[in-house]
Amino acid sequence: MAKDLLYTRLVVLKPLSWQLALVMLLVALVPLAAAGFLTLNLLEQSAREQVHSHQRQLGQAAAAMVRNYIREAQNRLKLIATRLPQGKDPGEIGRQLDRQMDPPGLFLEIGLVDVEGKPEVVAQSQQLEYNAVLSKNSPGNRSFNPRLNQQVILWDNAMGNIDVPLKGGEFVSDTLDIVQNVPALPISVPGPGKRVLTGNLDFRPVTGMLTTIAGDTRINLLLEDVQQHHVAWVEKDVPEPSSANLVDIRTKVPVGLGNLSITVSQWEHHALESLHEARRRAYAWFGLAAVTALGLATLTARRIVRPIETLSRAAHQIAGGDLAARSGIRRDDEIGQLARAFDQMAGSVQELDQMKGEFVAHVSHELRTPLTSAKATLANVQEGIGGKESLGRVQEDLDRLIRMVNELLDIARIEAGLQLAKQPTDLGHLVQSAAESLRPLARVELRISGKGDTLALDPPRVQQIVVNLVDNALKYARSRVDVVIQGREVRVSDDGPGVPAEHRERIFEKFSRVETGPKPPGAGLGLSIARKLAQLHGATLTCEGNTFVLRF
């Protein structure tokens with residue numbers, strides 16, 4: 001256990017381990033973080049929409065209550081207008097208005113204005129409290145009327161309070177008259193004759209209405225006029241004194257009369273409290289996921305790096321000359337595939353090393369035999385034994401050596417990347433010419449037939465393929481060799497012993513020969529050269545027993 005922990009510590013301190021751990025951590029956490037971020041954003045948008053929707057509902061309910069309150073006042077004022085006497089006795093009209101104001105209810109003030117000529121207040125009734133407030137503050141739009149012993153508004157025909165009712169309409173002011181925190185909404189309706197009945201609607205009860213709408217929720221309601229005068233408000237979401245940089249969520253709803261509006265607001269940290277709690281939990285879970293992912297990434301990095309180190313050690317052993325070294329890793333994943341490929345490569349290197357030794361031994365043997373024979377023959381000639389026939393044997397040994405060296409050079413050039421010089425060539429004419437060049441050396445009947453297509457070939461190299469195939473057939477034939485050309489195919493057959501099925505691929509290897517009779521001359525390189533040249537042309541060369549088939 002301690003050894004494993006020590007190894008893990010050594011592994012994770014290595015750059016590759018950190019890189020792997022970091023990459024896996026990013027792969028695991030970046031999508032998770034992105035998904036979490038998007039989810040939280042969607043949740044926040046949804047929560048904000050729900051807050052705004054709830055605020056709109058409350059605002060609409062409050063607006064409807066205020067609107068009904070104003071309409072009730074309008075209806076009440078119209079009813080009063082129908083009950084006023086038609087005469088011009090201000091005293092009687094004043095008493096009638098006083099009776100309509102008792103007990104105090106909707107209005108702070110009701111007045112009848114005669115608009116024949118310059119507008120003049122005929123009669124006016126005020127609540128005592130409102131009268132005291134006006135007397136004390138003397139608003140600029142009013143003056144004291146000794147006849148009525150009250151503060152009256154300085155009316156003008158151009159004012160909406162007068163102009164709209166004269167045209168048969170009902171007027172609701174866009175702004176409220178606020179005197180010493182007493183809000184009053186001016187409204188007016190057509191009166192008897194050419195008169196206008198005006199009233200100042202008491203807006204103090206609206207605060208109670210808003211309180212009823214707000215209920216027990218932490219919501220603020222504010223009623224404003226067109227000049228943003230705070231007419232009525234309820235504050236139930238009050239920030240702590242130490243709170244700073246607070247942001248509120250608000251929704252504005254029009255009342256629908258007199259350009260009044262209601263603003264519903266909440267402090268964001270209260271309105272989105274559940275969302276903030278969800279966000280805190282998400283951050284906590286994300287931190288836990290990050291720690292877990294880091295641990296898993298470290299363990300995975302250890303699992304990846306450890307076999308790589310094993311492969312590195314095996315590679316160093318092979319580099320040191322121990323070609324039998326293997327990784328010994330047995331896994332079913334990609335690293336296991338890499339290890340198996342490495343072991344296969346190491347086996348191939350070991351096999352190539354053995355083949356190299358065999359190659360050197362084989363070449364040495366093949367070179368030594370003709371050299372020894374030539375040396376012995378020359379020694380006999382020096383001693384006076386033999387004559388021209390002895391020199392002929394030396395010539396044959398030298399030809400054999402030259403042919404072997406040329407074949408070795410051909411193999412080296414092909415394996416180094418021989419470049420072909422292709423040109424349009426009549427395959428039939430080329431094969432016939434190459435085969436005919438061997439007729440003087442043939443000990444058996446050589447028959448050539450057929451026609452070939454014109455192909456893009458390197459004539460000297462294709463000629464070399466055909467010469468090697470026909471030469472090989474002449475070595476093993478008993479009575480005949482047939483060369484048949486058919487379009488893009490060349491078949492070279494003989495009536496010799498043939499090649500057994502289990503050796504039909506091995507004969508194309510270097511220095512490979514199948515013993516099916518007396519040992520023929522040669523080093524076993526011709527067929528290997530022929531196949532490699534065929535493959536360079538994109539062709540195939542196969543053995544079918546007594547027949548070699550070349551297909552372009």
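Leaving aside its neighbours within four places in sequence, which residues is L197 in contact with? Contact means heavy atoms within 4.5 Å, and the residues in contact with L197 are L77, I80, A81, L84, L97, I110, G111, L112, I187, S188, V189 and G191.

The model is predicted: local features need pLDDT of at least 70, side-chain atom pairs count only at pLDDT 80 or more, and totals for chains, interfaces and linings use all residues. Residues are numbered from 1 along each chain as its sequence is written, and side-chain values use heavy atoms, with hydrogens and water left out.

A nonpolar core is a set of buried Ala, Val, Leu, Ile, Met, Phe, Trp, Tyr and Cys residues joined through side-chain atoms within 4.5 Å. Buried means under 20% relative accessible area, exposed over 50%, and partly exposed in between (1.4 Å probe, protein chains only).

| Core | Residues in core | Members include |
|---|---|---|
| Largest | 45 residues | L197, F203, L223 and I262, which touch the most other members |
| Second, separate | 40 residues | L427, L438, L457 and L533 |

Helices are DSSP runs (H or I, at least four residues), numbered from the N terminus. In helix α4 (residues 128–137), Y130, V133 and L134 are buried. Seen down the axis of α4, these buried residues fall within an arc of 95 degrees, so they line one face of the helix; the arc is that of the directions from the helix axis to the C-beta atoms. The face turned away from the buried side of α4 carries the exposed residues L128 and K136. Just after α4, S138 takes a positive phi of about 45 degrees.

L26 lies in helix α2 and is partly exposed, with a relative accessible area of 46%.

How values were computed: Helix = DSSP H or I, 4+ residues; strand = E, 2+ residues; numbered from the N terminus.
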